[in-house]
Amino acid sequence: MDTQAGHRQQRRKQRTRDAIQDAALTLFAGRGYRVTTMNAIAEAADVAPRTVTFHFPTKADLLFGADPFTRESLEARLNSRAEGESTLAALRDWMVATMLELSSEAPEAQRRVWRRRALRAQVIGSDDELRARARAGYYPYEQLIAAHLADDLGLPADALVPRLAAATSVTGLRELYQTHEVESSDAAESTDALIALVDQVLAFAEAGIETTR
């Protein structure tokens, strides 16, 4: 019974967090990040203001916090590559595994997850300061990927080709939601469609590497 009660409590807590984040991202996209207050988010989520700040102490935490695509998990995946597995293949596997973990078999659950991330990208893309912060936050990913690509190619970690390929990969994956393919279709609500775009990004990076061999 204690275990079941603990699971129920965790599910309630996660539902509350989801409701707060959904409300916040909707308000950020509709009203603007700067003018949206924590009280407005609490009202939209139908919770007390202190509940919002308990889960997300600042607006930045609502926008940038709890990103499942962590550098630590990517590093672990790259470090555990099988013999002969390329960096870009491992990067794809990490992206796909994380995306599938985020979504579920229920189509509505998939749509909700990716709609939230599309709103997040919209908010960040519409604000110069937020966009700069997001790009700076992904630079460590570029460095990590470049180091592993350099190892694949037998080059120094600061060589041009691995750094270009890493920057291309990270930029493409980061900017997916700002592309015509997503904005003109339902791709933002489909895990399979997003994975297809991931494949395009990594194929582009791989083609760039191949031209230098």
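This is a predicted model: local features need pLDDT of at least 70, side-chain atom pairs count only at pLDDT 80 or more; totals for chains, interfaces and linings use all residues.
Visitor: Which residues make the contact between α5 and α8?

Guide: From α5 you have Arg71, Leu74, Glu75, Leu78 and Asn79. On the α8 side, they meet Pro140, Tyr141, Leu144, Ile145 and His148. Sorted by class, that contact has six nonpolar, two polar and two charged residues.

Visitor: On to charges, then. How many salt bridges does the structure hold?

Guide: There are 12 of them.

Visitor: What makes Asp18 and Arg116 a salt bridge?

Guide: Their side chains meet at 3.6 Å, N to O. The cut-off is within 4 Å, so the pair qualifies. Asp18 sits in helix α1 (residues 2-31) and Arg116 in helix α7 (residues 107-125), so this bridge ties together parts 98 residues apart in sequence.

Visitor: Are those two buried or exposed, and how do you know?

Guide: Buried means under 20% relative accessible area. Asp18 has 16%, so it is buried. Arg116 has 18%, so it is buried as well.

Visitor: What makes Arg77 and Glu85 a salt bridge?

Guide: The N to O distance between their side chains is 2.5 Å, and the limit is 4 Å, so this pair counts too. Arg77 has a relative accessibility of 17%, so by the under 20% rule Arg77 is buried.

Visitor: How do you know that Glu175 and Arg135 form a salt bridge?

Guide: Their side chains meet at 3.9 Å, N to O. That is within 4 Å, so the pair passes. This bridge links distant parts of the chain, 40 residues apart: Glu175 is in the loop between α9 (160-174) and α10 (180-183), while Arg135 is in helix α8.

Visitor: Why are Glu175 and Arg135 called partly exposed?

Guide: Buried is under 20% and exposed is over 50%, with partly exposed in between. Glu175 comes out at 23%, so it counts as partly exposed. Arg135 comes out at 41%, so partly exposed is the word there too.

Visitor: And which residues do salt bridges with shared partners join into one network?

Guide: Those are Asp18, Asp22 and Arg116.

Methods. Residues are numbered from 1 along each chain as its sequence is written. Side-chain values use heavy atoms; hydrogens and water are left out. Contact means heavy atoms within 4.5 Å. Helices (H or I, at least four residues) and strands (E, at least two) are DSSP runs, numbered from the N terminus. Ala, Val, Leu, Ile, Met, Phe, Trp, Tyr, Cys and Pro count as nonpolar, Asp, Glu, Lys and Arg as charged, and the others, Gly among them, as polar. Buried means under 20% relative accessible area, exposed over 50%, partly exposed in between (1.4 Å probe, protein chains only).
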